[in-house]
Amino acid sequence: MSDSQDIAEHLATSAQRDEVLELGMWTFLSTEVLLFGGLILSYFVYRHADPQAFLAAGRETRIVIGTVNTALLLTSSFCVAAALQAAEQGARRATRTLLGIAILLGLGFLGLKGVEYLGEYREHLVPGVNFARTGQDAHGIELFFIFYFIATLLHGVHVVAGIGVLAVFAAMATATTARSRYIAGLRTAALYWHFVDLVWIFLFALIYLPGRSS
Amino acid sequence: MTGKNYLTDDYRLGSWFTTTDHKRIAILYFATLIFFFFIGGVAATLIRIELATPGPDVVSADTYNRLFTMHGIIMVWFFLIPSIPNTLGNFIVPLMIGARDLAFPRLNLASWYLFVLGGSVTLFAIFMGGIDTGWTLYTPFSTLYSNSYVSVAVTGIFIAGFSSILTGLNFIVTIHKLRAPGLTWYRLPLFIWSLYATSVILVLATPVLAITLVLLTAERLFGVGIFDPRIGGDPLLFQHLFWFYSHPAVYIMILPGMGVVNELIACYARKKIFGYKFVAWASLAIAAAGFLVWGHHMFVSGQSLTASLVFSFMSFIVAVPSAIKVFNWTATLHKGKIRFDAPMLYALAFIGLFTIGGLTGLFLACLAFDVYATDTYFVVAHFHYIMVGGMVTAYFGGLHYWWPKITGRMYPEYWARAAAILIFFGFNLTFFPQFVLGAEGMPRRYHVYAPEFQIWNVLSSGGASVLAIAYLLPMFYLAYSLFFGARAPANPWGATGLEWQTSSPPPRLNFDRQPVVDGDPYDYAHAPEPQHV
């Protein structure tokens, strides 16, 4: 199968196209690191200022949901990696099935996140909406939950975007034309999905683990 | 004329708004930026009219606050940051490296649309009544007290930020992956090196601004106290995050100008750039060290003395690569066959004005002097020497230099030289008195001042009107040249560089056949003679 129709007119070869896509995604991920980095830095500044409150706040989070969600995203990332392997070996239906599972796991993550938010709303833990805690740690707990909501919402937006991208690739998985371009695109999309997964692992440690050791 | 060029490729108006041609997108940016430069300029004009007399004659204190905020926001985010990268860079980078387009042409168009959207939202905030926080948006004023359209304006800046990021990303990938055969890193024109360094800053600093603005807006809209000391939040954290972006952003606003000046100096001195590798790496050194100096904006904020000392030291360090560039440009001029064409006049003005701006920056990097000069007109004069005297001057120089390539027409040289000289005098008359005002203690951001400051303010306002006329002049003669200028040959200046090897204006995919590079840049010993007389 010829590649010539799959290459944009400003590029010379399919190898150049693949390199451009991959470097583009790595550069984009570097900008994403700094986006989440600014947020995580602020979290550490406040955790350093009020460590007791952040430990108390960490104990208020739902570690079971958080842990299940981590497992969901990790499994989803595995499925995307396997889908890429399948696509490279020409197994189109397996590619589609694996991407479908990855999408379902991502949706499951979002569903559980919604359950978690609902619980926090009922317990009056949402700053700016109904936060109602008193006591000496109250301010620190409020700051913790501000970061919790901003960070998980920002991450959630990335999950939604990632599911959309994976859905496009799942829909195109069994098409017979432009295979080399499809595989290069899927490799780039997989990079993004792994990054979303990796951010979550950092957030998991920062949100759910404080205050659990004693 | 043989064949079609990128301008005549498709005459329909719609073809401009759906184009993925980097050259046409550059033109879209040109038009948009002229508009924003005009809006920012109107605000500056009103400021200078108010300051012509000590009393409050023209505008109220509140209106004045909104004017200087609008001037700052528009000029920084909607003119200076995109100025050279998105117009000249967009046009010239693929041509210079022998590519047919940027790596992601559709992303390039998308970033223009993002820019227009962000600009529209910001203009909406301004015309609804404006914003009074200053462009620095300091908390807790911006989050708790200001009754102006902070959230709307911040949303506009946030959107425009993604335009910056995508442009930077596009340049990085293009420069890595789309260079012509034989065009190794050390054969790249220095304009490419400086835009590469700029792109690294755009990609790594802008997201921090984005998240900071998200936090600011969250605090304002939901009343959660992220930067509010009443619940343990830290207003200084905002300043750290803001300057972590905004100091590197200062280098976004000068590195591309330095890149342009390299090209101009080499071409009009007919010589190889002295110390090419030093100049190339100096760009990256500025980009890297620029990330480590943000605290020099916060010497009087109450940060620890240790932090201030480190930031002061680093601010001196970052001056070293800048000085390397100035010395190397001067050494390039030495024994050159110098031609004082209009672009060269701008380049020479740049060297002088940037040096004054840079040296006064060293004054401000000294802790003791900075405490005295903080928030005075000394600071205002310093950064205008860099951003206007440096960047805007280089922008005009580059615009003239590449004008024949972009439009296929020659501009009237006499008028271009007159405008360049007028800009130089107008600029100095406007901003040099502000150094004196600052040294005498006049604070910035007030619409009234003590009567003894009036003479310097009158000089400055007078200079501003000269400068305004000088900036308007090119608009007329460049527009004239579009219709009546002589047809430009492919290489009117006898310049090296791949962009001069294709026709003026270039065809849609830039080159009729793939260029191959087999030598160093700036090989003026073997360059063709200038055809323009």
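**Note on a predicted two-chain model**

1. Just after helix α3 of chain A, Gly90(A) has a positive phi of about 80 degrees.

2. The model is predicted, and its scores should be read before its details. The ipTM is 0.94 and the pTM is 0.96. For chain B, the mean pLDDT is 95, and 99% of the residues reach 70 or more.

3. Which residues of α3(A) are buried? Among them are Gly66(A), Asn69(A), Leu72(A) and Leu73(A).

4. Chain A as a whole has 6 helices and 0 strands. In sequence order the pattern is α-α-α-α-α-α. Its C-alpha atoms fill a box of roughly 70 × 30 × 30 Å along the principal axes. Of its 214 residues, 39% count as buried. Among the contacts in chain A with a separation of 6 or more, 77% are between residues 24 or more positions apart.

5. Chain B has 16 helices and 0 strands. The box that holds its C-alpha atoms is roughly 70 × 45 × 45 Å, again along the principal axes. Buried residues make up 55% of the 533 in this chain. Of the contacts in chain B that join residues at least 6 apart in sequence, 85% are between residues at least 24 apart.

6. What radius of gyration does chain B have, and what would a compact globule have? The value for chain B is 23 Å. A compact globule of 533 residues would have one near 24 Å, so the two agree.

7. The two chains touch: 33 residues of chain B are in contact with 27 residues of chain A. On the chain B side, α6 (150-177), α7 (190-222) and α8 (235-252) each supply at least two residues. The most comes from α7(B), with 11 residues. By type, the residues on this side of chain B divide into 24 nonpolar, 5 polar and 4 charged.

8. Leu498(B) lies in the segment after α16 (454-484) of chain B. Is Leu498(B) buried or exposed? Leu498(B) has 23 other C-beta atoms within 10 Å, and the cut-off for a buried residue is 20 or more, so Leu498(B) counts as buried. Apart from neighbours within four places in sequence, Leu498(B) is in contact with Leu95(B), Met96(B), Ile97(B), Gly98(B), Ala180(B) and Pro515(B). Trp415(B) is 83 residues from Leu498(B) in sequence, and their C-alpha atoms are 28 Å apart in space.

9. Some backbone angles deserve a check. Most residues other than glycine have a negative phi, and most peptide bonds are trans. Two peptide bonds in chain B are worth a look on that account. The bond from Thr139(B) to Pro140(B) is cis, with omega near 0 degrees. Pro140(B) sits in the loop between α4 (105-128) and α5 (141-145) of chain B. The bond from Ser504(B) to Pro505(B) is also cis, and its omega is near -10 degrees. Pro505(B) belongs to the segment after α16 of chain B.

10. In chain A, His124(A) has a positive phi of about 55 degrees. His124(A) is in the loop between α4 and α5 of that chain. Why does His124(A) count as exposed? Because 11 other C-beta atoms lie within 10 Å of its own, and the cut-off for an exposed residue is 12 or fewer.

11. In chain B, Arg445(B) has a positive phi near 70 degrees and is not a glycine. Its place is the loop between α15 (413-440) and α16 of chain B. Arg445(B) has 12 C-beta neighbours inside 10 Å and so counts as exposed.

Terms used:
Residues are numbered from 1 along each chain as its sequence is written. Chains are lettered from A and ligands numbered from 1 in the order in which they are written. This is a predicted model: local features need pLDDT of at least 70, side-chain atom pairs count only at pLDDT 80 or more; totals for chains, interfaces and linings use all residues. Two residues are in contact if their C-beta atoms, placed from the backbone, lie within 7 Å. Helices (H or I, at least four residues) and strands (E, at least two) are DSSP runs, numbered from the N terminus. Ala, Val, Leu, Ile, Met, Phe, Trp, Tyr, Cys and Pro count as nonpolar, Asp, Glu, Lys and Arg as charged, and the others, Gly among them, as polar. The radius of gyration is taken over C-alpha atoms; the globule rule is 2.2 Å times the number of residues to the power 0.38. pLDDT is the predictor's confidence in each residue, from 0 to 100.
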